[in-house]
Structures are given as structure tokens and as C-alpha cells.
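Subject: Structure handover

Hello,

Here is the structure for your files. My notes on what was found in it follow below.

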Amino acid sequence: MKNTDYWKRYKKYLYVSETLGLMIDISRMKFTDAYMKKMEPLVQKAFDDMQKLESGAIANPDEGRMVGHYWLRNAALAPDKAITSEIEDTLSAIKEFSHAVHTGKIVSENGATFKNVLVIGIGGSALGPQFAASAIGTPNDPMTVYFFDNTDPDGMDFVLGQINQTLGQTLSLVISKSGSTLETRNGMLEAKRAYESMGLNFAKHAVAVTGKDSKLDKIATTEGWLKRFPMWDWVGGRTSETSAVGLLPAALQGLDIDSILKGARQCDEATRTRNPMENPSAILALMWHYATKGKGTKDMVILPYKDRLSLFTKYLQQLIMESLGKEKDLDGNIVHQGISVYGNKGSTDQHAYIQQLRDGVNNFFVTFVEVLKDREGESMFVEGDFTTGDYLSAFALGTRSALTGSDRESMTITIEKIDAFSLGILIALYERAVGFYASLININAYHQPGVEAGKKAAGSVVTLQHAVLNHLKCNKGKAFSADETAAAIEAVDDAELVFKILLRASHNAERKIIIKNGKHITSSRFQYTG
């Protein structure tokens with residue numbers, strides 16, 4: 001195709017919203033008008049499904065729940081006045097609490113002003129807040145945000161090392177809907193120990209974001225934590241950034257949460273139009289369907305050409321893959337759906353895996369994300385009349401052309417600048433695109449049975465570990481191989497797991513277990529020394 005033909009196609013299919021400061025270019029995707037016409041009935045059904053969802057229909061049949069993250073930025077849309085009031089009251093409480101912290105009305109137990117926020121959560125309870133903090137935070141924010149987003153002891157030690165002696169001026173937000181998420185529970189206990197080691201009362205520095213009457217809610221109430229904010233069962237973790245999960249840490253950091261909500265709300269309005277080519281989220285969903293044949297046959301590569309958006313891909317991985325990666329469709333048929341998402345920021349990728357994208361296996365489609373405004377203020381010229389930002393744009397455009405020349409498809413999302421408003425737009429844009437695409441392929445985007453299965457499997461390992469370690473403790477001074485241990489606890493079928501449990505235990509001092517190497521590591525013997 002000639003460049004003039006690309007230009008005609010670009011003009012024909014370019015989506016532009018001056019209100020949102022958003023453009024979406026799908027001209028380098030090779031769909032036809034016939035394809036779009038063929039998809040029209042499915043798209044209209046997706047619009048119907050979305051309208052029902054926003055009206056309060058049971059959108060998660062597995063759990064009998066409504067799905068209402070769209071109400072979070074326009075509470076008047078909620079189907080129940082009580083829900084509207086809860087949303088509005090929570091937003092007001094977030095603002096009031098954050099203001100009280102910033103102005104010193106709420107202080108630590110020692111009377112010190114809070115200067116840090118430690119967010120303790122996992123998955124959607126951490127990814128959204130991390131993305132927002134990275135995208136629009138500044139060195140002048142009133143509070144610095146840190147994260148416990150895993151149950152890795154060394155990772156938590158690293159974060160505590162960064163906080164160091166200012167732990168007494170650190171407000172900890174523990175975020176868990178059920179209050180029983182083990183990774184978050186563990187992070188809370190590690191944080192509590194750190195406070196206590198400095199002679200501090202964790203409760204005087206702690207805030208809970210959780211479901212009503214959850215385990216965490218009861219702990220926070222009993223121990224007298226500073227504040228509790230609600231998580232509702234109609235908001236999933238991966239769509240919770242505009243709830244207290246994302247807005248509370250953002251407000252404490254000093255981010256403009258009203259603008260985040262405004263951007264999301266206006267994007268929601270734009271994505272309610274029933275004309276697919278005037279609906280930015282529908283456009284994305286249709287391109288995903290076209291590229292993957294509606295079966296996930298190609299991966300989605302996200303390439304944001306902006307350092308501030310480096311966590312966007314990670315955020316989208318959970319939103320898209322947890323929502324769309326499903327074994328069964330809504331009719332109970334085995335379909336194994338999903339779209340794999342990966343990526344990294346440009347132009348870092350020019351020196352990483354762009355080589356494979358251009359010349360390797362053609363099993364993907366690319367979404368470029370470009371930002372028109374380089375920085376606040378003027379840039380210097382580094383060569384002739386080129387700035388550093390000009391080079392960033394040149395690399396993006398050059399990569400796009402190189403991929404097109406190698407028969408690789410791509411689309412480009414363009415926003416004017418990185419700010420709270422545009423952050424809200426990006427969040428809402430992809431949330432609804434996921435909902436539309438799920439309808440197109442007839443799956444439930446709002447449950448996660450695979451995640452729950454993983455949690456159950458992990459629970460079995462925990463139970464097995466108790467038995468393994470107890471056997472060694474009861475036979476102090478005697479050494480056992482993994483096979484002997486498995487036989488003794490009647491877990492012969494799990495001998496491999498027994499070995500891995502013993503091996504890891506021997507490398508952690510608190511277990512007091514030593515390893516006696518055999519001819520092969522799997523024949524090693526393990527002994528509890530007490």
C-alpha cells in the first residue's frame with residue numbers, strides 16, 4: 001500500500017474527541033468495511049449488555065452480583081439511592097480525611113505529621129494505585145507513597161529500608177475486600193512488627209479499606225484503627241481505581257482525584273454512544289476481536305512512549321487478562337478465551353524486543369500510546385532543531401512504519417498530555433473496552449475462578465508444609481529424605497512438593513533445619529536442630 005493510501009485510510013478511520021483530548025488511529029489494522037458491517041449485530045448486543053449492567057442488572061451470574069464501577073464517577077447512575085449516598089459519602093470522607101492528614105489535624109501517636117503512605121494490597125488493590133502514583137505524582141506531593149504488593153519478605157524489607165526512620169510518620173493503608181487475602185494479611189503483619197520494633201502502635205497509624213464486617217473490618221474496629229473506608233461487592237479489584245481503593249492513596253499523595261473522576265466520567269459518556277465508530281471503547285474492542293479472530297489468537301503488545309506510563313502495561317495485564325481469560329463462556333461451553341498482554345515503554349523497546357516484533361513470529365498486534373506534550377515548559381534542542389521529545393516521537397513513528405512494512409498490524413492511542421484528567425480517561429477507556437469485548441465473545445468478564453483455584457492450591461501447600469515441618473520437629477535430631485518424609489506423613493504422591501518445602505526451609509534460619517547433601521540433591525536428608 002502506498003503512503004497516500006495509508007493517509008486516506010488514516011483520515012477515514014481516525015477517531016477524534018476534542019472534549020477528551022483523545023485520538024485513536026486504527027488505519028494500520030487491516031480490517032474491512034465488510035468486517036465492521038458483519039460485527040454490527042454483536043456490537044449492538046454489547047451496547048445492550050452494557051446498558052443493562054449500568055442499570056444494575058446481575059452482571060456476574062456466578063456470584064449473583066451487580067457490577068457498578070461506572071457509578072463510582074457518576075453516583076446518580078446507581079440503581080439504588082442508598083448506593084448513590086454511599087458513593088458520595090465515601091468520596092467526601094476521602095477528601096476530609098486526606099485534608100485532615102495534610103493539615104496536621106490527624107497525626108501519628110507521637111504527634112508527628114504524616115509524610116509517607118504505605119499501601120498494603122495485592123492485584124487490583126495495588127496495581128491501580130501504583131499506576132496512578134507513577135503516572136501523575138510529582139516530587140512536590142505532600143506525601144510519598146510506598147507499596148507492599150507481594151508476600152516477599154525481602155521485598156518488604158527493601159521498602160521498609162527506604163522508609164527507614166520515618167516509619168513513625170508513615171500512614172499504612174491496608175486494602176482487602178474480604179480481609180482474608182493472605183498476601184495482604186502477611187504484609188499487614190510484617191508492617192505491624194516493623195512499627196512495634198520502633199515502639200509504635202500500628203493501630204495509631206493504620207487505615208482499612210475493606211468490605212463491611214470483613215475480617216479486616218473487625219480487626220480495625222477492635223484495635224481502634226484511625227479510619228475505615230468501604231469496598232463494595234459490586235466493585236471488582238481490577239476495576240476499583242475510582243473507588244476508595246485508588247482514590248484514597250491518590251488523595252493522600254496529593255493527586256487531583258476530582259480530575260481523575262472527571263476524566264473517567266467524560267470518557268464513560270463518550271463510550272455510551274451506539275455508533276461503533278464514534279465510540280472509542282467499542283473501536284478498541286472491535287480491533288481486539290478482528291486481530292485475534294475473537295479467540296485470542298494473537299497477543300496484545302502495549303507500547304507507551306512515555307516514561308510516566310511505564311506501569312500502564314502492567315495495569316492492563318490484570319484488567320484484560322483476568323477479565324477475559326476464561327475456560328467457559330456464558331452458556332457453559334469450553335472456549336478457553338483470553339488475550340495475552342505484554343509490553344514495555346518506548347523507546348526502550350528499540351533496544352529490547354522490537355527486533356522480534358518486526359522480524360520474528362507474527363503472533364501479535366501493537367497498541368502504541370503517544371503523548372503530544374513533552375513536558376512542562378520548553379525543551380532544549382539537542383541536535384539542530386530536534387529536542388529529546390522529538391526523538392521519542394520519531395522512534396514511535398519509525399517503529400510504527402517499520403512494523404507496517406513487515407506486515408505487522410498496529411493502532412495508536414494519542415492523548416494530549418499526562419495529567420489526572422487523562423489518567424481517568426485511560427482507565428475508563430479500557431474498562432469499557434473489556435466489557436464490550438467480553439460481550440462480543442459471550443464470556444463473564446467479572447469473575448476470576450482461575451485466581452480462586454490458585455488460592456485453594458496454595459492453601460493445600462500450606463497444609464502440607466505444616467505436616468512436613470511438624471514431622472521433623474517431632475523427630476528432632478533425626479535426618480529424613482523427602483521420600484521418607486512423604487511416606488511418614490502419608491503424602492507419597494506429593495513427594496516433589498515435600499522436597500521443595502524441605503529445601504526452602506533449610507535455607508531460612510527461623511526453621512532451624514539443616515540439609516545433608518546426598519549424591520543428588522533430591523536424595524538429601526533434612527534434620528530439625530531445634
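In these notes, a contact means heavy atoms within 4.5 Å. The model is a predicted one: local features need pLDDT of at least 70 and side-chain atom pairs count only at pLDDT 80 or more, while totals for chains, interfaces and linings use all residues. Residues are numbered from 1 along each chain as its sequence is written, and side-chain values use heavy atoms, with hydrogens and water left out.

Overall picture

The protein chain holds 17 helices and 16 strands; these are DSSP runs numbered from the N terminus, with helices being H or I of at least four residues and strands E of at least two. Its radius of gyration is 26 Å, close to the 24 Å that the globule rule gives for 530 residues, so the chain is as compact as a globular protein of that length. That radius is taken over C-alpha atoms, and the rule is 2.2 Å times the number of residues to the power 0.38. The C-alpha trace spans about 80 × 60 × 55 Å along its principal axes.

Of the 530 residues, 50% are buried (buried is under 20% relative accessible area, exposed is over 50%, partly exposed is in between; 1.4 Å probe, protein chains only). Among contacts with a separation of 6 or more, 72% are between residues 24 or more positions apart. The chain exposes about 24,600 Å², with carbon and sulfur atoms supplying 50% of it; areas come from the Shrake-Rupley method with a 1.4 Å probe, and for residues only the protein chains shown count as cover.

There are 60 positive and 62 negative side chains, and the centres of the two sets lie 3 Å apart. Lys and Arg count as positive, Asp and Glu as negative, and His and the chain ends are not counted. Each charge is placed at NZ of Lys, CZ of Arg, CG of Asp or CD of Glu.

Cysteines

A search of the whole structure gives zero disulfides, taking a disulfide as a pair of cysteine sulfur atoms within 2.5 Å. Cys267 is buried, at 0% relative accessible area, whereas Cys474 is exposed, at 57%.

Backbone points to check

The peptide bond joining Gly346 and Ser347 is cis, with omega about 5°. Ser347 sits in the loop between strand S11 (341-343) and helix H12 (354-359).

Glu490, a residue other than glycine, has a positive phi near 60°. It lies in the loop between helix H16 (482-488) and helix H17 (495-505) and is exposed, at 74% relative accessibility.

Lys512 is not a glycine either, and has a positive phi of about 55°. The loop that holds Lys512 runs between H17 and strand S15 (513-516), and the residue is partly exposed at 40%.

Two residues and their surroundings

Met36 belongs to helix H2 (residues 33-54) and is buried, with a relative accessible area of 13%. Leaving aside neighbours within four places in sequence, Met36 is in contact with Phe31, Met277, Leu286 and Met287. Met36 and Leu127 are 91 residues apart in sequence and 34 Å apart in space, C-alpha to C-alpha.

Arg308 is in the loop between strand S10 (299-304) and helix H11 (312-324), partly exposed at 32%. Which residues does Arg308 contact, leaving aside its neighbours within four places in sequence? They are Ser134, Ala135, Ile136, Gly137 and Ile418. For Ser134, 174 residues from Arg308 along the chain, the C-alpha separation is 6.1 Å.

Regards
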